[in-house]
Amino acid sequence: MQVDCAVIGGGIAGMQAAIQLGRYQHSVVVIDAGDGRSRKCRNYHNLLGFPDGVSGSELLLNGRRHAEQLGVSFISAKVTGASKEQGGFLLNIEGVETVHARRLLFATGVKDRLPDFPELYPCLGISIYICPDCDGYEIRDSRVLVLGSGRAGASMALELTHWTDDIVYINHEQQQVPEEQLDRLLQLGIRYIEKPIRQLVTEGDHLKGALLRDGSVIAGNHAFVAFGGNEVRSELASQLGVKLSASKHIITDARTKMTNVQHVWAAGDIAVHSEQVAIAMGDGVQAAIWMHKSLREDIGAGSRFGR
């Protein structure tokens, strides 16, 4: 397959970029392994136009329909390698597919480190959350459990004091909490439990509490997860010489979203650490605009790409 633009990652940023590129009438393919974090969230609460919330799956399903109407192609697989070639880039894809692309967008995102509790997943975005900026409002003046590890969990508990005073931090992995953080937790009346969790107590998508390994149950109808160590999926980009930050996020130009490698862009959580759906959408559009500009420059402003 030969295309003008290849988008690696079919989450929010990648899908939005594909739609914009399709509207420019470029040939576009989105390559997605189907395991992005947006597919796991059952309700986003802070998006314009969705006062009752919307699931990540619904957003992506509608986004794919939109993109396909514009001629965008999709490959459901993992990209295993990326290299430069004359006129663009060669992508090796799991299975037999190979894609030659003139422009490349990384929208590979971040993978959350979540505990191995199967009861957790039906609750994500409903009664268990990850991002306090997105969902802190949902726990206002209510009891909230912080399911976490060491410093990361303590930081989350302290952040949530903006919305509620009734916070229980369960340090599931029993990793050390710095003394200054621990003192701050106690000063603010945050209950601290350094014991492992056996399982979560749920009814459907509603949390009821956490059953500890010692048999005690900590009641709570809401929880935030904060284990730290999330996987920043930038390894593929590094194969092309793309510069990364200390946190392994891809460094991009603030205006164009292009990386240090010519004709390679990045958008969404992989590039910025805000981890907001609305910002990922904006990033995707912004990258797509400058990808389009660069393609036009190849053969002159009066020419048109596409099918």
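Beyond its neighbours within four places in sequence, D32 is in contact (heavy atoms within 4.5 Å) with G9, G10, G11, R39, I75, S76 and A77. The model is predicted: local features require pLDDT of at least 70 and side-chain atom pairs pLDDT 80 or more, whereas totals for chains, interfaces and linings use all residues. Residues are numbered from 1 along each chain as its sequence is written, and side-chain values use heavy atoms, without hydrogens and water. D32 lies in strand β2 (residues 28-32); strands are DSSP runs of E of at least two residues, helices runs of H or I of at least four, both numbered from the N terminus. With a relative accessible area of 15%, D32 is buried (under 20%, 1.4 Å probe, protein chains only). Its side chain reaches the backbone nitrogen of G34 at 3.2 Å.

Helices α1 (residues 12-23) and α2 (residues 56-69) have axes that come within 9 Å and cross at roughly 20 degrees. The two are therefore roughly parallel (angles under 35 degrees). Axes are lines fitted to C-alpha atoms, for helices over the stretch in contact, with angles from 0 to 180 degrees between N-to-C directions. I12, M15 and I19 of α1 meet L59, L60, G63, R64, H66 and A67 of α2.

An open sheet of 3 strands has the order β12-β13-β14 and antiparallel pairing, where pairing requires at least two DSSP bridges between strands. β12 (197-203) and β14 (217-219) are the edge strands, each pairing on one side only. Neighbouring strands are turned by 25 degrees on average, direction ignored. Strand β13 (residues 206-212) pairs with β14 over 3 bridges, and L211 stands opposite V217 in β14.

Definitions and conventions
Buried < 20%, exposed > 50% of the residue type's maximum accessible area, 1.4 Å probe, protein only. Polar contact = N/O pair within 3.5 Å; in protein donor to acceptor, adjacent residues only side chain to side chain. Parallel < 35°, antiparallel > 145°, perpendicular 65-115°, else oblique.
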